[in-house]
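The points may be read in order alongside the display.

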Amino acid sequence: MVARPGEPGHTRSTRRLNEPRDALVAADRGVPAEVGRVPVSLVREEWRIVDRWWTERPVRRRYFDLVLETGQNVVVFSDEQGRWFSQRA
Amino acid sequence: MCSCRTCVPMIACLSLPAFELRTALLARPELHGKRVAFGPVPGERPLLGSCTYEAEQAGVWPGMRLSEALATCPDLVLVEQDPAGAEEEWERLLRRLEDAGFAVESAGVGSAYFETDGVERLAGGLQQSLRRALDAVGPTWQPRIGAATRRFTALAAASVAPAGRVVVVDDDESQLFLEPLPLSLLSRTPDRKRELSELGIKRLGELARLPAVSVADRLGADGVEAHRLARDEDARGVRSRHPASELAEELEFPEPIANEQTLKRALAALLDRLLARPERAGRAPRQLALSARLVGGGSWRRALTLREATADPERLGLALTPKLNEVPAPALTLRLELGELKDSVGTQAELVAPRGSRLRERLREGLRQVRAAAGLDAVCTIVEVAPWSRVPESRAILVPRDD
């Protein structure tokens, strides 16, 4: 649906909205304990996404909706390689 | 149309068709009566600009592809666009109208509105005051004036007036007058015009007869505005400009300059010179115009209005510098004008929020300023492409707005 940079059909000016951003997450057995050095107070929800498995770029993510000790609400996910990203769900 | 009228303020619309082309031809009298058109702007699509009457008679029209035009009319003469020259000439004409006592609002080069009631007493009546305006402009430009109690009707009247003549539309016959006129007067977007045409609506009267609710449902806010104008319900008045107060400086280069860095330095020097001028007397400009004379005889001009008047050279530089990227050819001169000089005063918030066309106009201007400062891709619309997708970043994309 969305053209990626370098692929045919990509235009310089069109951008994807809500791209994942790198996040600094310290995890304890796969569950975030700190995000950006701020301890996690509560895991509100956890869910998985498995999509585009029929393509060369399958999406497998484990999402966490978290409340930090500062009261901030964040959503982070880890991908197959164990990298962490933040994103508005 | 009618000389009798009740005592309501009349709005007059002055129209000078093909004004820019006429300005460009002033310096080339040998082309008088020839098939002439504006050539394409360098770097843009190869389409013709305005054409003379003789060229249109030969089958050429504005917006035609250059190759097609030259095949249709092999002796067509192309001239370079000269927006800076046209702007200067237009300013001269506006000042002549102001000297004749009219408080004018410029609606772009070649079109202006003014109210007549202030001058009517001096001139001895409506017709006499309009004649005075025609005389102020002079016959060279083949001016035509339409007058009515509504602004849009005045524009429509000017569009049907013969050169050098006046058409006055009385209030009680304005709807009849508008009825047979083409929708092109509404200056809608090409898509909207096509949509109306496909619906079988070609005349203002046909649009006016439609129920307002149906128009709003089918065509949205844009259609409601058009419907209102077609029904002669234009409530806009004339917002006459303040007497022009301008400072200008020009730099002439020893050789044509295309280098951006050199142009930037020249711009900085012009800014310094202008801000140091004693006539400025501490006042800050709100309007800026940057123009250049180009190699080959053409010219380039960009005008911008700041949200707030400022004399801060850094902010002025930030607003003007991106414009230098748009200079289409090496420049022989660079000129900077500061307009609408104002004393620094506190800002007054609005009591009543602007609505309708005025609000849209402001939004457009705001978006234009954001683009000028942050680049063409800075203002985007969110377009949902797969709102059902489980992957959040696949649901919507940002697409730059064109308006």
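1. What share of the 403 residues of chain B count as buried? The figure is 30%. The model is a predicted one, and the values below are computed from it. Chain B holds 14 helices and 13 strands. Among its contacts between residues at least 6 apart in sequence, 60% join residues at least 24 apart.

2. Chain A has another make-up, with zero helices and eight strands. From the N terminus on, its elements therefore read simply as β-β-β-β-β-β-β-β. Of the 89 residues in chain A, buried residues make up 12%. For contacts in chain A with a separation of 6 or more, residues 24 or more positions apart account for 35%.

3. The mean pLDDT of the chain is 84, and 85% of its residues reach 70 or more. Over residues 1–12 of chain A, however, pLDDT stays under 50. The model has eleven contacts beyond four places in sequence for that stretch. Where pLDDT is low, the predicted coordinates should not be read in detail.

4. Within chain A, strand S4 (residues 31–35) and strand S5 (residues 38–51) form a hairpin with two residues between them. The two strands pair in the antiparallel sense over two bridges, and A:Val35 stands opposite A:Val38. In the turn, A:Gly36 has a positive phi of about 60°.

5. Strand S5 of chain A also pairs with strand S6 (residues 59–68) of chain A; these two run antiparallel and are joined by ten bridges.

6. The contact between the two chains takes 16 residues from chain A and 14 residues from chain B. On the side of chain B that touches chain A, strand S13 (residues 396–400) of chain B gives the most, with five residues. By class, that side of chain B divides into ten nonpolar, one polar and three charged residues.

7. Strand pairing also links the chains. Strand S1 (residues 15–16) of chain A pairs with S13 of chain B in the antiparallel sense, over two bridges. In this pairing A:Arg16 stands opposite B:Ile397.

8. Chain B contains an open sheet of four strands, in the order S8-S11-S9-S10, with antiparallel pairing. Why is one side of S8 and of S10 left without a neighbour in the sheet? Strand S8 (247–257) and strand S10 (299–305) stand at the edges and each have a single partner strand, so one side of each has no neighbour there. From one strand to the next, the twist averages 10°.

9. Inside this sheet, strand S9 (residues 287–294) and strand S11 (residues 331–339) of chain B run antiparallel and are joined by eight bridges. One pair of bridge partners is B:Ala292 and B:Leu334, the latter in S11.

10. Two helices of chain B lie across strands of the sheet. Helix H12 of chain B lies across S8 and S11 and runs at about 35° to S11. Helix H13 of chain B lies across S9 and S10 and runs at about 35° to S9.

11. These helices also meet each other. Two packed helices are described by the angle between their axes and the distance between the axes. For H12 (residues 260–275) and H13 (residues 313–324) of chain B, the axes come within 10 Å and cross at roughly 145°. The crossing is right-handed. Among the residues that meet are B:Leu263, B:Leu267 and B:Leu271 in H12, and B:Leu316, B:Leu320 and B:Leu324 in H13. By class, the contact has nine nonpolar, two polar and three charged residues.

12. Which residues of helix H1 (residues 19–26) of chain B are buried? They are B:Phe19, B:Glu20, B:Leu21, B:Thr23 and B:Ala24. The buried residues of H1 pack against strand S2 (36–38), strand S3 (77–79) and helix H4 (83–99) of chain B.

Terms used: Residues numbered from 1 in each chain as written. Chains lettered and ligands numbered in written order. Predicted model: local features only at pLDDT ≥ 70, side-chain atom pairs only at ≥ 80, totals over all residues. Contact = placed C-beta atoms within 7 Å. Nonpolar A, V, L, I, M, F, W, Y, C, P; charged D, E, K, R; others polar. Pairing = 2+ DSSP bridges. Axes fitted to C-alpha atoms, helices over the stretch in contact; angles between N-to-C directions. Left-handed = near helix turned anticlockwise from the far one by under 90°. pLDDT = per-residue confidence, 0-100. Buried ≥ 20, exposed ≤ 12 C-beta atoms within 10 Å, placed from the backbone.
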